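Visitor: I have a chain on the screen and some questions about it. Could you walk me through the answers?

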Amino acid sequence: MARIMSIYLSISDGIKDAMRSKDRERLSALRDMKSKLMLEMTKTGVDGSEIPDDVALKILSKLHKQRLETAELYAGQDRADLEAEELAQAAVIEAFLPAKLSEEAIAQAVRDIIAQLGASGMGDMGKVMGAANAQMGAQADGSVIAAIVKRQLAG
C-alpha cells in the first residue's frame with residue numbers, strides 16, 4: 001500500500017526540482033520552509049518523514065502569514081521589488097497549504113461547534129475557540145475564527 005508523501009518530503013522533492021530547473025525564487029522559499037520544519041524537528045526529536053502534517057501545516061501557515069505581512073509593510077514603504085519577492089515566496093508556501101474556508105463555511109462550522117458544546121455566552125469563548133482551531137486548523141485564519149465566534153456568542 002502506497003504511503004501518502006508527507007509535507008516535509010514534498011518540500012524536499014520540490015527543492016530538488018527547483019535546483020534542476022534553476023528556479024532561484026522557488027528554491028529560496030522551499031529552503032526556508034524546510035529550515036523551519038527542521039527547527040521544529042530538533043525541538044521534538046523526530047525524523048523529517050515523521051513530522052506530523054498538522055504540525056507542518058501550522059508552521060507553514062505562520063510562515064505564509066509572515067510573508068504576507070512583510071509584503072504589506074514593503075508596499076507601505078513603496079518597495080515594490082521587495083513586496084513582489086515576499087508575495088512570490090508566499091505563493092510557493094500557499095501551494096502546500098489546504099484551501100482556505102470561506103467565511104460562510106467558518107460561520108457554519110462555528111455554529112455547529114457552539115451547538116455541540118452547548119456554549120451560551122462569551123464565557124465559553126475559550127472552549128469554542130479551542131474546538132474551532134482544532135477542527136479548522138490551517139484552513140482558516142485564527143483572527144477570522146475569533147471574530148465569528150465573538151459575533152455568534154454575543155448575538
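Visitor: What is the length of the polar contact that joins the side chains of His-64 and Glu-94?

Guide: This is a predicted model, so local features need pLDDT of at least 70, side-chain atom pairs count only at pLDDT 80 or more, and totals for chains, interfaces and linings use all residues. Residues are numbered from 1 along each chain as its sequence is written, and side-chain values use heavy atoms, with hydrogens and water left out. A polar contact is a pair of N or O atoms within 3.5 Å; within protein, one must be able to donate a hydrogen and the other to accept it, and residues adjacent in sequence count only if both atoms are side-chain atoms. For the side chains of His-64 and Glu-94, the polar contact is 3.2 Å.

Visitor: Is His-64 buried or exposed?

Guide: His-64 sits in helix H3, residues 53-76. Helices (H or I, at least four residues) and strands (E, at least two) are DSSP runs, numbered from the N terminus. Buried means under 20% relative accessible area, exposed over 50%, partly exposed in between (1.4 Å probe, protein chains only). His-64 has 10% relative accessibility, so the class is buried.

Visitor: Which residues does His-64 touch, not counting residues up to four places away in sequence?

Guide: Contact means heavy atoms within 4.5 Å. With residues up to four places away left out, His-64 touches Ala-90, Ile-93, Glu-94 and Leu-97.

Visitor: Which residues lie nearest the centre of the largest pocket?

Guide: On a 1 Å grid over the protein atoms alone, a pocket is an open set of points where a 1.4 Å probe fits, with protein on both sides within 12 Å along at least five of seven lines; lining residues have an atom within 4 Å of a point. The largest pocket has 19 lining residues. H3 gives the largest share of them, 8 residues. Nearest the centre are Ser-61, Lys-65, Lys-100, Ala-140 and Asp-141.

Visitor: What is the volume of the largest pocket?

Guide: Grid points are joined across faces, edges and corners, and a volume is the space filled by probe spheres set on the points. On that basis the largest pocket comes to about 470 Å³.

Visitor: How many residues of its lining are charged?

Guide: Ala, Val, Leu, Ile, Met, Phe, Trp, Tyr, Cys and Pro count as nonpolar, Asp, Glu, Lys and Arg as charged, and the others, Gly among them, as polar. The lining of the largest pocket has 6 nonpolar and 5 polar residues. The charged ones number 8.

Visitor: Which helix gives the largest share of the lining of the second largest pocket?

Guide: The second largest pocket has a volume of about 180 Å³. Its lining includes Lys-36, Leu-39, Lys-58 and Gln-66. Helix H2 (24-44) and H3 are the elements that give two or more residues. The largest share, 5 residues, is from H3.

Visitor: Where does Lys-22 lie?

Guide: Most residues other than glycine have a negative phi. Phi of Lys-22 is near 55°, a positive value. Lys-22 counts as exposed because its relative accessibility is 69%. Its place is the loop between H1 and H2.

Visitor: And where does Asp-78 lie?

Guide: Asp-78 also has a positive phi, about 55°, although it is not a glycine. Its relative accessibility is 69%, so Asp-78 counts as exposed. Asp-78 is in the loop between H3 and H4.

Visitor: What separates the C-alpha atoms of Ala-84 and Ile-7?

Guide: Ala-84 lies in helix H4, residues 80-94. Its relative accessibility is 45%, so Ala-84 counts as partly exposed. Ala-84 and Ile-7 are 77 residues apart along the chain. Their C-alpha atoms are separated by 25 Å.

Visitor: How many helices does the chain have?

Guide: Read along the sequence, the pattern is α-α-α-α-α-α-α. The chain has 0 strands, and its helices number 7.
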